[in-house]
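Thanks for coming, everyone. Let me put the structure up, and we'll go through its salt bridges and then the interface.

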Amino acid sequence: MWMYALRRLVLTIPILLGVTIICFALVQIAPGDPITSLVRPDTPPEQIAALRAYYGLDQPVVFQYLMWLWRVLGGNFGTSIANNAPVASEVMRAFANTIVIALISVLFAFVVSLVLGTIAAIRQGGIVDRLVTALAVFGISVPTFWLAVVLVIIFAVNLNWLPATGMGASGSDSFNYFVWDDFKFAIMPIVALALPPLAIMTRITRASLSEILNQDFIQTLRAKGLGGFQIITHAIRNIMPAAIAMLGLQLGYLIGGSVLVETVFTWPGTGALLNKAILTRDIPLLQGTILVLAGAFVLINLVVDLAQSLVDPRIKRS
Amino acid sequence: MNEMRSPDLSLVEAQSETPEAYVKVKDLEVRFVSREATVKAVNGVSFELKKGEVLCVIGESGSGKSVMMRSLLQLHAKKRTRMTGEMRVGEHDIMKVTEKRMSELRGSTISMIFQEPMTALDPLYTIGDQIAETVMRHERVDRDAGWKRALELLELVRVPSPERRLKAYPHELSGGLRQRAMIAVALSCRPSLLLADEPTTALDASVQIQVLVLLRKLQREMGMSMIFVTHDLGVAAQIADKVAVMYAGRIIEYGNARDVLMHPEHPYTRAMLSSTIKDQDRSAPLDTIAGTPPDLRALPDGCSFAPRCKYAGPECLAAMPPEVTDGRNHMARCVRVSAVRGLLAFEPGLAAANVPA
């Protein structure tokens, strides 16, 4: 087990290096000059050249990459062009906001989808099964930004139960998820984020569970005299490798794809930060954000692989 | 032929069907109903089995042998299955027991070994867990006691280094060991009826014999009744007391193993026996049974084997041939078979007129 974990960990290093190269290259390829968006149109060319040299933008690309990588490894993601603040702290603060609501969303979706998917798989063709199918189709087809807006209209505007946007008085730094006055700001973003993964995971749970329930060993379990609950326990444990893989994928999707939801709710996460960085062509900020997101994605996959090998003994020894 | 049979005739008669039958199946019919078609999988099967006896059920794929056996455990999906007839195991009326009672019988009084040891065990649970689980379910003991019992059982089924194998997962064991583990699961609560559904078919030839010998030995030691489904006649000859030959969901020949295997009377049994490889000349082509088994969704009237039978005449297709039984309880269901001087005799030229009604 530990050998497998170590090997898997070492294997992530080249992946992470690849991630840094792509992050760096993506921004190089993108059109637009960060300096022109920083200065007034009538700035003299020599002043622009000086700025260029100051930010290292006049160096060869490979050199720029290595310089950048060296600084990144030291935890220095550079300085934001837009507001001169260190990128690292800004990205990490935003990332914390994003990862927490993404985790809550995906875990909520995971638990609910297991319950709904299991009921649907056991009572195939029943009322719950049809409702679950309807819910799943709804969840997959509805765009999250539309859902987010509808949630705001219903719960913030009409019912006035929940705040519409932002993180409230505490703000990013002292936000406490265990205090209702803070947490109520997170509820609608969490729900809006959770619906698509919930729908997809419910479908997957139902499909993989009904496949498992048709396998030979289920008949063995029945022939052993086990009751329905025990048999379902066996079956659920057997879909866990697939469910965990799905959980990881959805979490990755949530941290990367939360731009729209975070924009609607003005939730100060990486999605909103990306939005801001792109609009202001803030290259260090953009690179830093993408890098953190990509790195998080790689780490999530690592954790998923390790978790899978814990639940499925066939994985680690092969 | 008759000279060979006569000496032990009295002996066999003395132990023929008596009320002490432990397993009693009468007129069992099993139909699988779906929107498209009704599959008549078992069409009136009757047999009796005493304590400690081994019944081998022989037949091609699709002859209903596995379905018949799964019925004894009520393993079919209730919604799609129609079952009629009688099934008794000991004092339990299998047709009438509640699902809760049935699940208590499964794995304790009646247990089953499946054909494919690859897929019949849960891949994510250790062997020890899978054995202990059954013990815990039926004997209401804790996990430690269950594992202790599992260790004894692995020793009983001769698994080498059983302590290590308890903690192994199914994919870490060979096919033979997996099937032994499966047998250990089945025997874990000392069943009085063991159902074995082609337990050696998926195994290597050398392992087959080992597992077979082990099963026979354990069956004798524990005094279990056993129903053993196979399509291997050699296997049947090894372990059977009684043999039932099934075709299209019916028993078409039944009797003591020696009678059925040495002196088959039904044309199907005869054809099947002559299509096995014994000491034939290599250059001679093997006998095979022409044609394919009938479609169970649309069974013809009359003898189901008639379309493939070289002795068949128009009378075979008219109506289902009656069972013909001799004094030794050897039964065949064929219009060309009659009981002559207390023994079954197959007479290819004989017309239906000679058959007792």
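A:Glu90 and A:Lys276 meet in a salt bridge, 2.9 Å from N to O. By salt bridge I mean a side-chain nitrogen of Lys or Arg within 4 Å of a carboxyl oxygen of Asp or Glu. A:Glu90 sits in helix H5 of chain A and A:Lys276 in helix H12 of chain A, so the pair ties together parts 186 residues apart in sequence. Helices here are DSSP runs of H or I, at least four residues, and strands are runs of E, at least two, numbered from the N terminus. A:Glu90 is buried at 12% relative accessible area. A:Lys276 is partly exposed at 35%. The cut-offs: buried is under 20%, exposed is over 50%, partly exposed is in between, with a 1.4 Å probe and protein chains only.

A word on the model. It is predicted: local features need pLDDT of at least 70, side-chain atom pairs need 80 or more, and totals for chains, interfaces and linings use all residues. Residues are numbered from 1 along each chain as its sequence is written, chains are lettered from A and ligands numbered from 1 in the order written, and side-chain values use heavy atoms, without hydrogens or water.

Over all chains, there are 28 salt bridges. How many lie between chain B and chain A? One. A:Lys224 pairs with B:Glu133, closest N and O atoms 2.9 Å apart.

Now the interface. 30 residues of chain B are in contact with 22 of chain A, contact being heavy atoms within 4.5 Å.
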